Amino acid sequence: MTQQPLEKPYLLFVEGKDDKAVVELLLQHLGIESVEVYNVEGKNNFRKRISAVSVQANFNEIVHRVGIVRDADEDPDAARRSCADILRSISRPTDFCIVPSEGPGMLEDL
């Protein structure tokens, strides 16, 4: 994965290209331009990709908040625990969204 330069104060990490496309369209529709969306290329890559971005030289100066949008898949509680654990290592305010919020599934199901 090529490192995108950090230019926006809000970073949102998503599982795949379809998730990225949906989130970017939603942000565009809402007129939100301050969020950079990163495709981590699979749920097992969140930790590695977020760590790689968070050690960039200008991360602390540019980034104000980090978030994850992750599919609930078969176990929404496990997805929540995983996101919370990953985001504990970031030195910025963080949050995550499991889609759908209740029950199994994924963003593409919505």
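Colleague: Let me start with D77: is it buried, partly exposed or exposed?
Modeller: D77 is partly exposed, because its relative accessibility is 47%. Keep in mind that this is a predicted model.

Colleague: Thanks. Which side chain does D77 meet in a salt bridge?
Modeller: The side chain of R80, with an N to O distance of 3.1 Å. Both residues belong to helix 4 and sit three residues apart, about one turn of the helix. R80 is partly exposed too, at 24% relative accessibility.

Colleague: How many salt bridges turn up in the whole structure?
Modeller: A search finds seven. One of them links K20 and E24, with the closest N and O atoms 3.2 Å apart. That pair is in helix 1, where the two residues are four apart, about one turn of the helix. E24 is partly exposed, with a relative accessible area of 34%.

Colleague: And what about R49, which residue forms a salt bridge with that one?
Modeller: That would be E41, and the closest N and O atoms are 3.0 Å apart. R49 has 13% relative accessibility, so it counts as buried, while E41 is partly exposed at 48%.

Colleague: Switching topic: which residues touch the most other members in the largest nonpolar core?
Modeller: Those are L11, F13, F59 and I68, in a core of 19 residues. Strand 1 (10-14), helix 2 (46-54), strand 3 (65-71) and helix 4 (76-87) each supply at least two of the core residues. Helix 4 gives the largest share, with four residues.

Colleague: What is F59 in contact with, leaving aside its neighbours within four places in sequence?
Modeller: F59 is in contact with L6, L11, V53, S54, V66, I90, S91 and R92.

Colleague: Now D73. Where is that residue, and is it buried or exposed?
Modeller: D73 lies in the loop between strand 3 and helix 4. D73 is buried, with 15% relative accessibility, as the cut-off for buried is under 20%.

Colleague: Which side chain does D73 join through a polar contact?
Modeller: The side chain of K43, at 3.1 Å. Leaving aside neighbours within four places in sequence, D73 is in contact with E15, K43, P104, G105 and M106.

Colleague: Last one: where is V55, and is it buried or exposed?
Modeller: V55 is in the loop between helix 2 and helix 3 (59-62). With a relative accessible area of 65%, V55 is exposed.

Colleague: How far apart are V55 and E74 in sequence and in space?
Modeller: They are 19 residues apart in sequence, and 32 Å apart in space, C-alpha to C-alpha.

Colleague: Great, thanks for the tour!

Note on methods: Residues are numbered from 1 along each chain as its sequence is written. This is a predicted model: local features need pLDDT of at least 70, side-chain atom pairs count only at pLDDT 80 or more; totals for chains, interfaces and linings use all residues. Side-chain values use heavy atoms; hydrogens and water are left out. A nonpolar core is a set of buried Ala, Val, Leu, Ile, Met, Phe, Trp, Tyr and Cys residues joined through side-chain atoms within 4.5 Å. Buried means under 20% relative accessible area, exposed over 50%, partly exposed in between (1.4 Å probe, protein chains only). Contact means heavy atoms within 4.5 Å. A polar contact is a pair of N or O atoms within 3.5 Å; within protein, one must be able to donate a hydrogen and the other to accept it, and residues adjacent in sequence count only if both atoms are side-chain atoms. A salt bridge is a side-chain nitrogen of Lys or Arg within 4 Å of a carboxyl oxygen of Asp or Glu.
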